[in-house]
Amino acid sequence: ETAKIKEVGRKKVTVNGLSGIEVTGTMSPNPKEKVTARTRVFATKDHLYHMAAFVPVGGSTKVVDQFFGSFKLK
């Protein structure tokens, strides 16, 4: 309930010709745990797409990249 994401990075991304933004941050859901949050947002004429992945700090970025790459935006 009280965990908040602290932004540590922001960049523009493009998927299937659609421009969007990716924000990276960290959060502590509890005192003994820290996770990295990566979220992407894309807006089209008719849709708003939002994807998010949460992994332990130091976790595999390849897994998140693979997850984000599994979506086909139209």
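Visitor: Is Arg40 buried or exposed?
Guide: This is a predicted model, so the value is computed from predicted atoms. Buried means under 20% relative accessible area. Arg40 has 13% relative accessibility, so Arg40 counts as buried.

Visitor: With which residue does Arg40 form a salt bridge, its closest N and O atoms being 2.6 Å apart?
Guide: A salt bridge needs a side-chain nitrogen of Lys or Arg within 4 Å of a carboxyl oxygen of Asp or Glu. For Arg40 the closest N and O atoms of the pair are 2.6 Å apart. Arg40 sits in strand E3 and its partner in strand E2, 18 residues apart. That partner is Glu22.

Visitor: Which arginine forms a salt bridge with Glu22 at 3.1 Å?
Guide: Look in strand E3, residues 33–43. Glu22 lies in strand E2, so the pair ties together parts that are 16 residues apart in sequence. The arginine is Arg38.

Visitor: What are the relative accessibilities of Glu22 and Arg38?
Guide: The cut-off for buried is under 20%. Both residues count as buried. The values are 3% for Glu22 and 11% for Arg38.

Visitor: Which residues are linked with Glu22 in a network of salt bridges?
Guide: Glu22 pairs with Arg38. Glu22 also pairs with Arg40. An aspartate belongs to the network as well. The residues linked with Glu22 are Arg38, Arg40 and Asp65.

Visitor: How many salt bridges does the count come to?
Guide: The Glu7 and Arg10 pair is one of them. The pairs of Glu22 with Arg38 and with Arg40 are also among them. The count comes to four.

Visitor: What is the phi of Asn16?
Guide: Most residues other than glycine have a negative phi. Asn16 is not a glycine, yet its phi is positive. Asn16 is in the loop between strand E1 (6–15) and strand E2 (18–30), and is exposed at 55% relative accessible area. Its phi is about 50°.

Notes
Residues numbered from 1 in each chain as written. Predicted model: local features only at pLDDT ≥ 70, side-chain atom pairs only at ≥ 80, totals over all residues. Heavy atoms only, no water. Helix = DSSP H or I, 4+ residues; strand = E, 2+ residues; numbered from the N terminus. Buried < 20%, exposed > 50% of the residue type's maximum accessible area, 1.4 Å probe, protein only.
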